[in-house]
Amino acid sequence: MKEALQAFVGRNLPLPGVAACCARLVDRTFVSRCYSDWFTTAQAEQVVSRLALAADSLGYHGIQPARLCWVFEHCRIQLALRRDGACLALFLENRPGVSSDELQAMLEEFAGLAAS
């Protein structure tokens, strides 16, 4: 899946307002890209690890999220989760007009990528 994901990211990004993206694969490896100086790849990967853990813990309460969003002063993080355990986070500038149909379609397409 790593090659498919790298091609997917290369085909869909960068987009205006996307500061970084990071995907954690089932084998716990990452595909990360930073498009601004707000984040390093190491920071994005650490954040995704923690957010994926938070999402996993919701399962203990019978909640199986497909997408989650965190809003901070200057950044929004949208996390798409797959049933196989892979996840994709988009780190977005928190300003009007950044969330778009393209970003939403990208998160939906991620869910449908082949798991090979």
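For these notes, a disulfide is a pair of cysteine sulfur atoms within 2.5 Å. I'm working from a predicted model here.

I checked Cys 69: the nearest cysteine sulfur belongs to Cys 75 and sits 9.2 Å away. Because the cut-off is 2.5 Å, Cys 69 is in no disulfide. Then I looked up Cys 87, where the nearest cysteine sulfur is that of Cys 22, 7.6 Å off. Cys 87 is in no disulfide either.

Cys 87 has a value of 0%, so I put it down as buried.

**Ser 99**

I went to Ser 99 next and found it in the loop between β5 (87–93) and α3. Its relative accessibility is 37%, so it counts as partly exposed. What does Ser 99 touch, setting aside neighbours within four places in sequence? I noted contacts with Arg 76, Gln 78 and Gln 104. I also checked Val 18: it is 81 residues from Ser 99 in sequence, but the C-alpha to C-alpha distance is 9.3 Å.

**Largest pocket**

I count 19 residues in its lining, and Pro 65, Ala 66, Leu 81, Arg 82 and Arg 83 lie nearest the centre. The elements giving two or more residues to that lining are α2 (41–58), β4 (75–81) and α3 (101–111). Sorted by class, the lining has 10 nonpolar, six charged and three polar residues.

Key:
Residues numbered from 1 in each chain as written. Predicted model: local features only at pLDDT ≥ 70, side-chain atom pairs only at ≥ 80, totals over all residues. Heavy atoms only, no water. 1 Å grid on protein atoms, 1.4 Å probe; cavity = no way out; pocket = protein on both sides within 12 Å on 5 of 7 lines; lining within 4 Å. Helix = DSSP H or I, 4+ residues; strand = E, 2+ residues; numbered from the N terminus. Nonpolar A, V, L, I, M, F, W, Y, C, P; charged D, E, K, R; others polar. Buried < 20%, exposed > 50% of the residue type's maximum accessible area, 1.4 Å probe, protein only. Contact = heavy atoms within 4.5 Å.
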